[in-house]
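Subject: Handing over a two-chain model

Dear colleague,

My notes come after it.

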Amino acid sequence: MDGLDLDVRKGEVLGFVGGSGVGKSVLTRTILGLVAKRAGRIEVFGSDLDSLTPSQFGTIQQRFGVMFQQGALLSGLTVKQNVQIPMREHLRLSPALADDLAMLKIGLVGLPADAANKMPSELSGGMIKRAALARALALDPELLFLDEPTSGLDPIGAADFDELIATLQKTLGLTVFMVTHDLDSLYAICDRVAALADKRVIAAGTIETMLASDHPWLRSYFHGQRGRRFLNAAGSAPLSPP
Amino acid sequence: MSKPPQFSAETDGPSIRLALAGSWTIDASSRLERTGVALVPAALAGQAAIFDLGGIERLDTAGAWLIDRSRRDLKAKGIDTQIERVRPEFTILLDEIGARDVEIPVLRKGSAIIDILADTGRAMVDFGRDMFAGVAFLGELVTAFGKLIRHPSRFRGTSLFFHIEAFGFRSVPIIALINFLVGGIVAQQGIYQLKRFGAVNYTVDLIGVLVLRELGVLLTSIMIAGRSGSAITAEIGSMKMREEIDALQVMGMRPTDVLIVPRLLALIVSLPLLTFIADLSGIFGGLIAGWLYAGISPSAFINLLREAIDFQELSVGLIKAPFMALIIGLIAAIEGLNVEGSAESLGRQVTASVVKSIFMVIVVDGLFAMFFVSIHY
């Protein structure tokens, strides 16, 4: 990373794209505090992460929700217990209310109620993603990190999931930071897109900005075989200004 | 810092107006819960309740859920509710929460006694299946060996020698050390017990017979079950996990021939060799202990040993070794092939493999002991 600069605005869905191995996940993990950074400055909710004490960082962390690519559900616990872990750790709620809230979150992400007592190993790929999203939402975060939310889902499941993220974002007023490769997601739900290449953010802005850019990587990404169908499907009117 | 969740109730004609204020978010934790639970009793006196949400600064799903739950509870008690002065950004959330039914699925709880009986039954069935699978697998192996004898050119020699090195050669230090120590410990204890009868010299008989007949092969088998059996299960299991076994099968190779036969043969070759090393180091441990604790000089020890044992003693231990190798290899291979898709399953099967093979090694050793006694060998 070199001279990287990226802003996420409140209440937006930011899609973060980049080729494999350019450091998308490293950047995400650095923001989450999982990897130490060598240089630079990260500000979350207006406070510089370097200036925070561990307990202050803990408070900030409670305002994050993270959904990992493989779900990262704890395999020894049921879905409901997974959703309740953050609540048990950070809040003092009665078991009845914790149950209600967990079931509410499970319902919000579109899982059937009987999935609550299943173990992660009994779930399909799409259900694992939904359960992981429910856990990410357990503490009603303001900022939601999604790592490739649609990877490994079939196109129908991926479209449903995009829709779910969009609905939840509107309902709960979330800010979403989404690492993705999925062009469909970018077109469907992202307000802005940031692209990482050559060790920095080469472009950040709406899809139109991306399409207008003449950076070779962006051109091959958005104008390649897979990207072109969106241009054709959308016609010339809304996407490229005359 | 935002204000904690709070509300005030005042009578407004026939109805009660609940003015909610502060931030109704989950970070208020128990405070939020207490305030939310207090909503219903506060409104019970009136005929209708008005929820005035004008003072709410922040609202999340937990807060919205508590407000919505109170409204439902009041409605159930026949009290009409309505919501006033709600900010537009909260409407979506409240509508969404209001549209949801939350039911907590109950976990089926059976009687403890029935569960224990069911578990016992299941364990017996599993044991039977294990036995059956073991015999079936043994049959498959025998046919694989049979085919190898007919087509010796298809034998995977490189693989065999690779595994002999891994299972046999690399185990030599640990096997020698363990047996040396155990031989020494047994000899030392024997000396103190036999001293009381003035029969210290019989320690040599004790060590010679015990190490050659039982200890050498038993300790070696247990070590190999832990060291190589687990490695076999883990290797085959992780190949199963990553569909490598299926890939082999699709390419027209039989996993038994390619993976299991060389490993099993390597164990069968290595274990007797290791047992011989174990016998030597066990006796050497006894010799050292005898020298230190009973003053039996090494040459005297060897002379006594020559009288105490003969080839028969050595052969009893060595005859058992290949059978132990077969048991360890079979169990390890079966457990490895039983691994399912997940990493937890791999860990479980490796544990099962080690526990089962150590158990079976000891059981079979007992059977051999009875057998040798009954034929006076």
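This is a predicted model: local features need pLDDT of at least 70, side-chain atom pairs count only at pLDDT 80 or more; totals for chains, interfaces and linings use all residues.

Residues are numbered from 1 along each chain as its sequence is written, chains are lettered from A and ligands numbered from 1 in the order in which they are written, and side-chain values use heavy atoms, with hydrogens and water left out.

The sheet of chain A

In chain A, 6 strands form an open sheet with mixed pairing, in the order S4-S5-S6-S1-S7-S8. Strands (E, at least two residues) and helices (H or I, at least four) are DSSP runs, numbered from the N terminus, and two strands pair if DSSP finds at least two bridges between them. The edges are formed by strand S4 (64–67) and S8 of chain A, each of which pairs on one side only. On average, neighbouring strands of this sheet are turned by 15° against each other, direction ignored; such angles run from 0 to 180 degrees between N-to-C directions, with axes taken as lines fitted to C-alpha atoms, for helices over the stretch in contact.

How enclosed is strand S7 (residues 192–197) of chain A? Of its 6 residues, 6 are buried, so S7(A) is largely enclosed by the rest of the structure; here buried means under 20% relative accessible area, exposed over 50%, and partly exposed in between (1.4 Å probe, protein chains only). In a regular strand the side chains alternate between the two faces of the sheet. In S7(A) both faces are covered, with A:Arg192, A:Ala194 and A:Leu196 buried on one side and A:Val193, A:Ala195 and A:Ala197 buried on the other.

S7(A) runs parallel to strand S1 (residues 13–18) of chain A, to which 5 bridges join it, and A:Val17 has A:Ala195 as its bridge partner in S7(A). With strand S8 (residues 200–205) of chain A the direction is antiparallel, again with 5 bridges, and A:Leu196 stands opposite A:Val201 there. The hairpin of S7(A) and S8(A) has 2 residues between the strands, and in it A:Asp198 takes a positive phi near 50°.

Elsewhere in the sheet, 4 bridges join S4(A) to strand S5 (residues 143–147) of chain A in parallel, and A:Phe64 stands opposite A:Leu143 in S5(A). Helix H5 (residues 125–136) of chain A packs on the sheet, where it touches S4 and S5 of chain A, and its direction makes about 165° with that of S4(A); contact means heavy atoms within 4.5 Å. In the loop between H5 and S5 of chain A you will find A:Asp140, which has a positive phi of about 50° although it is not a glycine, and which is buried, with a relative accessible area of 14%.

Chain B

The secondary structure of chain B comes to 12 helices and 4 strands. Its C-alpha trace spans about 115 × 65 × 45 Å along its principal axes, and buried residues make up 42% of the 377 residues.

Chain B has an open sheet of 4 strands in the order S1-S2-S3-S4, with mixed pairing. Strand S1 (6–12) and S4 of chain B stand at the edges with a single partner strand each, so one side of each is left without a neighbour in the sheet. Strand S2 (residues 15–24) and strand S3 (residues 48–59) of chain B run parallel and are joined by 9 bridges, with B:Leu18 opposite B:Phe51 in S3(B). Helix H1 (residues 30–43) of chain B lies across S1, S2 and S3 of chain B at about 175° to S2(B), whereas helix H2 (residues 61–76) of chain B lies across S2, S3 and S4 of chain B at about 180° to S3(B).

Where the chains meet

Which residues of chain B lose the most area to chain A? The contact takes 24 residues from chain B and 25 residues from chain A, and on the chain B side B:Ile26, B:Glu33 and B:Thr61 lose the most, together 25% of what that side buries; buried area is the accessible area (1.4 Å probe) that two parts lose on being put together, summed over both. Between the chains this area is about 2200 Å², of which carbon and sulfur atoms give 64%.

With best wishes
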